[in-house]
Amino acid sequence: MKGQWFLISAVVATTIFLVISGLFKSYFVADSSLIARSNEGFYFHNIEQQINNSIYQPDCTMMERSLREFRSFVQKEIEKFGYVAFVNYSYVCEPGIRTVTPGIFVSSERMILCKNVDINNILSPGAVDLLCR
């Protein structure tokens, strides 16, 4: 008789603990899909890296053409994902010296990422008070 009550109480206790854990499960689960839905940082750093990779062209005219094509491609393609992008650059291309300084602006309804850009040239003056360096 004692063994039967032990089994019954073990089943009841296990059921109670299972129900309690099911009730509190939603409090301890992190929503990892939120991070995957915001790709602004990925696009921003990818654009910057690809602009910096353009200095490895064989000559200055190829580098200039590569930069122009990449800028056009980025501004067209990123709009398909619902982002606003502005890409500008300045470069020095002399024998032995090749540097590219990218100006990048990537924006969505969640965030704005920018580097080396005057926001007033992109958006209407005074719309956003932001300094990008």
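## Asn-116

Asn-116 sits in the loop between β3 and α5 (119-122). Helices and strands here are DSSP runs, numbered from the N terminus (helices: H or I, at least four residues; strands: E, at least two). Asn-116 is not a glycine, yet its phi is positive, about 55 degrees. Its relative accessibility is 38%, so Asn-116 counts as partly exposed. The classes are buried (under 20% relative accessible area), exposed (over 50%) and partly exposed (in between), with a 1.4 Å probe and protein chains only.

## Basis of the model

The model is predicted: local features need pLDDT of at least 70, side-chain atom pairs count only at pLDDT 80 or more, and totals for chains, interfaces and linings use all residues. Residues are numbered from 1 along each chain as its sequence is written, and side-chain values use heavy atoms, with hydrogens and water left out.

## Overall architecture

The protein has five helices and three strands. Along the sequence they follow the pattern α-α-α-α-β-β-β-α. The protein has 133 residues, and 22% of them are buried.

The accessible surface comes to about 9900 Å². Carbon and sulfur atoms account for 61% of that surface. Areas come from the Shrake-Rupley method with a 1.4 Å probe; for residues, only the protein chains shown count as cover. A contact means heavy atoms within 4.5 Å. Take the contacts between residues at least 6 apart in sequence: 43% of them join residues at least 24 apart.

A nonpolar surface patch is formed by Trp-5, Ile-8, Val-12, Ile-16, Phe-17, Val-19, Ile-20, Leu-23, Phe-24, Tyr-27 and Phe-28. Together these residues have about 1300 Å² of accessible area. Patch members have over 30% relative accessible area and no salt bridge; like charges are joined within 9 Å, nonpolar side chains (Val, Leu, Ile, Met, Phe, Trp, Tyr) within 5 Å.

One member, Ile-16, belongs to helix α1 (residues 2-28). Ile-16 has a relative accessible area of 45%, which means it is partly exposed.

## Helix α4

Helix α4 covers residues 60-77, 18 residues in total. From first C-alpha to last it reaches 26 Å, close to the 26 Å expected at 1.5 Å a residue. That expected span is 1.5 Å times one less than the number of residues.

Four residues of α4 are buried: Met-63, Glu-64, Leu-67 and Val-74. They lie on the same side of α4, because they cover an arc of only 100 degrees around the axis. The arc is that of the directions from the helix axis to the C-beta atoms. The buried residues pack against α3 (40-53), β1 (84-94) and β2 (97-107). The face turned away from the buried side carries the exposed residues Thr-61 and Lys-76.

## The α3-α4 loop

Gln-57 lies in the loop between α3 and α4. Its relative accessibility is 24%, so Gln-57 counts as partly exposed. Leaving aside neighbours within four places in sequence, Gln-57 contacts Met-62, Met-63, Ser-66 and Arg-98. Arg-98 is 41 residues from Gln-57 along the chain, and their C-alpha atoms are 10.0 Å apart.

## Salt bridges

The structure holds six salt bridges. The criterion is a side-chain nitrogen of Lys or Arg within 4 Å of a carboxyl oxygen of Asp or Glu.

Glu-40 pairs with Arg-110, with the closest N and O atoms 3.3 Å apart. This pair links distant parts of the chain: Glu-40 is in helix α3, Arg-110 in the loop between β2 and β3 (112-115), 70 residues apart. Glu-40 is buried, at 0% relative accessibility. Arg-110 is partly exposed, at 44%. Glu-48 bridges to Lys-115, with the closest N and O atoms 2.3 Å apart. Glu-48 lies in helix α3 and Lys-115 in strand β3, so this pair ties together parts 67 residues apart in sequence. Glu-48 counts as buried at 13% relative accessibility, whereas Lys-115 counts as partly exposed at 28%.

Arg-68 and Glu-64 form a salt bridge with a closest N and O separation of 3.2 Å. Both lie in helix α4, four residues apart, about one turn of the helix. Arg-68 is partly exposed at 42% relative accessibility; Glu-64 is buried at 19%. Elsewhere, salt bridges that share partners join Glu-40, Glu-109 and Arg-110 into one network.
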